[in-house]
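I opened this notebook page to record what I looked up in one structure. The entries are kept in the order in which I made them.

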Amino acid sequence: MSNELVEFVLVSITLLGIGIYGLAVKRNALRMLFAVEIIINAANLNLVAFARFLPHSGGQTLALFSIAIAVAEVAVGLSLIIVAYRMYKNVDIADFRSLKG
């Protein structure tokens with residue numbers, strides 16, 4: 001049973017759609033952070049899939065860098081959400097309007 005590149009791209013497009021839906025519809029900061037992570041994982045899946053089918057493309061190396069950057073992004077995002085929760089007792093982004101400078 002061999003997986004084709006098209007199957008990986010279709011799964012990646014599905015993940016991208018779910019992530020965009022999560023960003024567009026949800027107002028919860030934590031869910032929005034999860035949606036961003038889904039989008040990043042869709043990109044990583046594409047990088048690894050193309051690296052598998054195109055030799056010497058360096059896609060796996062880029063995917064590792066992307067994963068490292070995503071971990072840093074999650075750490076910063078979660079810390080901001082925790083601080084916002086301590087201030088407002090809520091993680092709805094509509095309540096964060098007073099944070100504007």
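The entries below go through the helices and then the segment after the last of them.

**Entry 1. Basis.** I worked from a predicted model, in which local features need pLDDT of at least 70 and side-chain atom pairs count only at pLDDT 80 or more, while totals for chains, interfaces and linings use all residues. Residues are numbered from 1 along each chain as its sequence is written, and side-chain values use heavy atoms, with hydrogens and water left out.

**Entry 2. Helix α1.** I took helices as DSSP runs (H or I, at least four residues; strands are E, at least two), numbered from the N terminus. Helix α1 covers residues 5-25, 21 residues in total, and I noted a reach of 30 Å from its first C-alpha to its last, close to the 30 Å expected at 1.5 Å a residue. The expected span is 1.5 Å times one less than the number of residues.

I then looked up burial, where buried means under 20% relative accessible area, exposed over 50%, and partly exposed in between (1.4 Å probe, protein chains only). In α1 the buried residues are Phe8, Ser12, Gly19 and Gly22. Seen down the axis of α1, these buried residues fall within an arc of 80°, so they line one face of the helix. The arc is that of the directions from the helix axis to the C-beta atoms. On the other side of α1, I found Val6, Leu10, Ile13, Tyr21 and Ala24 exposed. The cover over the buried residues of α1 includes α2 (29-53).

**Entry 3. Helix α2.** I recorded 25 residues for α2 and a reach of 37 Å from its first C-alpha to its last, close to the 36 Å expected at 1.5 Å a residue. Its buried residues are Ala29, Met32, Leu33, Ala35, Glu37, Ile40, Ala42, Asn44, Ala49 and Ala51. They pack against α1 and α3, contact meaning heavy atoms within 4.5 Å.

I also looked up Asn41, which is found in α2. Asn41 counts as partly exposed, at 42% relative accessibility. Asn41 and Ser66 are 25 residues apart in sequence and 9.0 Å apart in space, C-alpha to C-alpha.

**Entry 4. Helix α3.** α3 has 30 residues and reaches 42 Å from its first C-alpha to its last, close to the 44 Å expected at 1.5 Å a residue. I listed Gly59, Ala63, Ala70, Gly77, Ile81 and Ala84 as its buried residues, and these pack against α2.

**Entry 5. How are α2 and α3 placed relative to each other?** Two packed helices are described by the angle between their axes and the distance between the axes. The axes of α2 and α3 (residues 59-88) come within 9 Å and cross at roughly 175°. α2 and α3 are therefore roughly antiparallel to each other. The contact includes Leu33, Ile40 and Asn44 of α2, and Ala63, Ala70 and Gly77 of α3. By class, I noted 15 nonpolar, five polar and two charged residues in the contact of α2 with α3.

For these terms, axes are lines fitted to C-alpha atoms, for helices over the stretch in contact, and angles run from 0 to 180 degrees between N-to-C directions. Angles under 35 degrees count as roughly parallel, over 145 as roughly antiparallel, 65 to 115 as roughly perpendicular and the rest as oblique. Ala, Val, Leu, Ile, Met, Phe, Trp, Tyr, Cys and Pro count as nonpolar, Asp, Glu, Lys and Arg as charged, and the others, Gly among them, as polar.

**Entry 6. Lys89.** Lys89 lies in the segment after α3. I noted its positive phi of about 55°, although Lys89 is not a glycine. Most residues other than glycine have a negative phi. Lys89 is exposed, with a relative accessible area of 60%.

**Entry 7. Ala84 and Phe96.** Ala84, in helix α3, counts as buried at 7% relative accessibility. Not counting residues up to four places away in sequence, Ala84 touches Lys89, Asn90 and Phe96. Ala84 and Phe96 are 12 residues apart in sequence and 7.7 Å apart in space, C-alpha to C-alpha.

Phe96 has its place in the segment after α3. Phe96 is buried, with a relative accessible area of 16%. With residues up to four places away in sequence not counted, Phe96 touches Ala29, Ala84, Tyr88, Asn90 and Val91. I also noted that the C-alpha atoms of Phe96 and Arg86, 10 residues apart along the chain, are separated by 12 Å.
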